[in-house]
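Open your viewer and get ready to select residues by number. We will walk through one structure together, stop by stop.

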Amino acid sequence: MAPMPAKEAWPQSRAAVGLPWLVRLRWGIVAFEVLVVAIAVRAFEVALPAGAVTGCLAIATASNLGLSRWLRAGGRGSEALCGAVLGFDILLFTGILHLSGGPWNPFTILYLVYITLAAVVLGPRWTWTLAALAVLGYATLFLAPASPGTGAHDHGAGVSAHLQGMWIAFVSAAALVTYFVVRLTAAIERRDTEIAAVREQAAHSERLASLTTLAAGAAHELGSPLATIAVVAGELERALTGSPRPETEPLVADARLIRAELERCRRILDAMAAEAGQAAGEVPAPVTLRTLVDETLAALPEAEARRVAIGEVSAATVVVPTRALVHAVTGLVRNALDATRAGEPVELSVRVDAGGVRVRVRDEGPGMSAEVMARAGEPFFTTKPAGRGFGLGLFLTRALAEQLGGRFAITSAPGAGATAEITLPPRIVPREVGHA
């Protein structure tokens, strides 16, 4: 199994996803602050120190422009960088509030936007630090006198305007928090899904490598003793055959049986080694889909090949490890034949469409239960009788499809047969010359 990422790495990963969204949020806040200042000056006739407020907004714009360019140049976010940016924004926001009413400014609620964003993107330590910084910034608004002329101490006629401002601030904060947190959470979930898929692929690769090592080791370790037994059985058969007597005939038959079973063991070991390792060293080569079908039928006994009904076969050329793909398709056809009653056909089709190359094997057998479907493709899991299979075929077929950038899927239901499909990406199709 692939190693799990360290816990310390998760905040870094979330920060890398969250930094582009933080840049978007900063642009939104700057635009919103410009709009609020314009409304306050023109609609409510609030006197603001225009130079100082404009300077704060210019600093926020310049810093976000630099951050955007850094990201486009290939920069990657980190927890420390996101925390520093949010901390800088809290300090800058505190300055703007001081210049525009201090603690009486209804938009102080926007402190919660920064705290919420920190809770989503950063780890607990940074979140608590930024929360404390926001609380400290809010407290300084009470300690430092507000800028004169901002209407901070006008509690008479300005009450209605202040309440209106509080409502606008609440709606704005709720909208900002909802929009950016939902979008950011979705982006982080997509990244987590991608990480899980990569981890699962690594686990498949490790299991495939283990099977290759197991098969190679078994073939190496058992090859010598099996060869010795075969030689001894051959000599025994020749010795008994050279002096024929009635009582030696059963012994000759036993010697021949030993040699036959040894040959069967050798074929099993060869099949294990081929199944586990043949795709790894095979160079992809151009081959037509019709040739793939013909080689699949040629790999089957004649009686089984006659039961295969050929469906649609596109007249296209693909670049694949031919032997490995033929072996995988042959295994799927044999599984389908084993699942159907004697004499009933199975369907094999190979076609090209917008989704890529699709190799489909369909049978009308008894189908699979939900429990079997859940385990189909696990190594060494099989529903066949003992001695009829190792439970590696579906696992190795899925591994081959994923190595080629495609996928393998089975759809089935009890009493409704089963369909196994290998889908390979269209990039391996250099040209298509029509349909046969």
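**Stop 1: Hidden spaces**

A search of the whole structure finds four cavities of 30 Å³ or more. Here a cavity is a set of points, on a 1 Å grid over the protein atoms alone, where a 1.4 Å probe fits but cannot get out. Grid points are joined across faces, edges and corners, and a volume is the space filled by probe spheres set on the points. The largest cavity holds about 100 Å³ of space.

Before you go on, a word on the model: it is predicted, so local features need pLDDT of at least 70 and side-chain atom pairs count only at pLDDT 80 or more, while totals for chains, interfaces and linings use all residues. Residues are numbered from 1 along each chain as its sequence is written, and side-chain values use heavy atoms, with hydrogens and water left out.

Now select Arg 26, Ile 29, Val 30, Glu 33, Ala 60, Asp 89, Leu 92, Phe 93, Ile 96 and Tyr 114, which line the largest cavity; lining residues have an atom within 4 Å of a point. Helix 1 (9-42) and helix 3 (79-99) are the elements that give two or more residues to this lining. Helices (H or I, at least four residues) and strands (E, at least two) are DSSP runs, numbered from the N terminus. What kinds of residues line the largest cavity? Seven are nonpolar, none polar and three charged. In this count, Ala, Val, Leu, Ile, Met, Phe, Trp, Tyr, Cys and Pro are nonpolar, Asp, Glu, Lys and Arg are charged, and the others, Gly among them, are polar.

**Stop 2: Along helix 1**

Stay in helix 1 and pick Leu 25. Is Leu 25 buried or exposed? Leu 25 is buried because its relative accessible area is 2%; buried means under 20%, exposed over 50%, and partly exposed in between (1.4 Å probe, protein chains only).

**Stop 3: Two helices side by side**

Next, show helix 3 with helix 5 (residues 124-143), whose axes come within 10 Å and cross at roughly 10 degrees. Axes are lines fitted to C-alpha atoms, for helices over the stretch in contact, and angles run from 0 to 180 degrees between N-to-C directions. Helix 3 and helix 5 are therefore roughly parallel to each other, a label for angles under 35 degrees. Residues of helix 3, including Gly 83, Leu 86 and Ile 90, meet residues of helix 5, including Trp 126, Leu 130 and Gly 137. The residues of this contact (heavy atoms within 4.5 Å) divide into eleven nonpolar, six polar and one charged.

**Stop 4: Into the strands**

Move to Val 313 in strand 2 (residues 308-320). Val 313 is buried, with a relative accessible area of 2%. Its C-alpha atom is separated by 6.7 Å from that of Leu 289, 24 residues apart along the chain.

Then select Ser 349 in strand 3 (residues 346-353). Ser 349 is buried too, at 9% relative accessible area. Leaving aside neighbours within four places in sequence, Ser 349 is in contact with Gly 311, Glu 312, Arg 358, Val 359 and Arg 360.

**Stop 5: Out to the surface**

Finally, find Arg 238 in helix 6 (residues 158-242). Arg 238 counts as exposed because its relative accessibility is 58%.

Zoom out now: the chain has twelve helices and seven strands, and buried residues make up 38% of its 436 residues.

Note on methods
1 Å grid on protein atoms, 1.4 Å probe; cavity = no way out; pocket = protein on both sides within 12 Å on 5 of 7 lines; lining within 4 Å. Parallel < 35°, antiparallel > 145°, perpendicular 65-115°, else oblique.
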